[in-house]
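Work through the exercises below with the model open beside you, and compare each step of the solutions with the coordinates.

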Amino acid sequence: MRKTKLYMDTVVDIQVVIGEGTSEELAEAKINRAFDMFRKVEQACSRFSPDSELMNVTKVIGKPVQISPFLFEPLRFALEMAKLTDGEFDPTIGKIMEEQGFNRHYLTGYFIQNPSAESVTYRDIVLDEKSQTLFLNKPLVIDLGAVAKGFAIDLATNELKEFKGFVVNAGGDLFAGGFDQKGEPWKIGIQHPEKKDEIISVIEISNQAVCTSGSYERKNAKLPSMHHIINPQTKESPNDWVSSTVIAPFAMMADAISTAAFLLGNENGKKLIEDVNLRGLFITSELQIVHVGGDSNDNEEMA
């Protein structure tokens, strides 16, 4: 069974393999619950919706505010990534994203402009694990674009784990559980950076996530050299790679590490993937494929 819906400015495609012990009715109910996870994460984490939980709680400066697990967990992971990369990955990049033109809600078309102090970093955000609270030192705009979609994929995955095979695919970032209809590992195509309808490489996975950060998806309308992946310290878009793909045990990790590796550039990006014991696949501007980590060529073939 296969269904699609639109969340987070992305077409979310969910398919399950119906086998012994499962039914179409069960599959439909579980798929709907999986979609609902995307709705909840979007309502919690969107910086484009004035009524999202994120935008409401970030109006409170200098006081702890209790937040839901749908916001706390991706924010906690984003701050861990910021520490790991010494701020090259930083969720306080939201204001810079707005200024670069990434400030329009995909459904309403409304443009957003939010207040922010002139100089902010992830150190201005304090989370308390015990009380599940958020504390902001100063006004800032939080962008969770590099973790929230992966988090939603992981929550949706949890709803589908009883099926012998399933895929939760949010615009190419996905988790593939179990095996396909033939009882084989899922074959996942990596999109060709210059030909949207073609794939440049294929990997085989089971019970793993694959996420890609690419410079070709969301270009800056005013500055051709800029795209939606922006270094918060230089305010520039790195272009060492055309895309960075990471294979990980869960999607939020694959999502965040693929973005961080792209931001860190050639050598440091590869080192990050190796340091966290994951596998990655970079594509250069000459369309050369560079494997990183693990047994690089295992389960992978050229398209």
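**Confidence**

The chain averages a pLDDT of 91, and 95% of the residues score at least 70. This is a predicted model, in which local features need pLDDT of at least 70 and side-chain atom pairs count only at pLDDT 80 or more, while totals for chains, interfaces and linings use all residues. Residues are numbered from 1 along each chain as its sequence is written, and side-chain values use heavy atoms, with hydrogens and water left out.

**Exercise 1**

Classify the ring pair of Tyr 7 and Phe 38, and locate its two members.

*Solution.* Rings of Phe, Tyr and Trp (its six-membered ring) pair if their centres lie within 6.5 Å, with planes under 30 degrees apart counted as stacked, over 60 as edge-to-face and the rest as tilted. The count by this rule is 5 aromatic pairs. For Tyr 7 and Phe 38 the centres are 6.2 Å apart and the planes at 20°, so the pair is stacked. Because Tyr 7 belongs to strand β1 (residues 2–7) and Phe 38 to helix α1 (residues 24–45), the pair ties together parts that are 31 residues apart in sequence; helices (H or I, at least four residues) and strands (E, at least two) are DSSP runs, numbered from the N terminus. Both Tyr 7 and Phe 38 are buried, meaning under 20% relative accessible area, with exposed over 50% and partly exposed in between (1.4 Å probe, protein chains only).

**Exercise 2**

Determine how strand β11 (residues 243–248) is enclosed and paired.

*Solution.* Of the 6 residues of β11, 6 are buried, so the strand is largely enclosed by the rest of the structure. Strand β10 (residues 208–214) joins β11 through 6 bridges and runs antiparallel to it, where two strands pair if DSSP finds at least two bridges between them.

Technical notes. pLDDT = per-residue confidence, 0-100.
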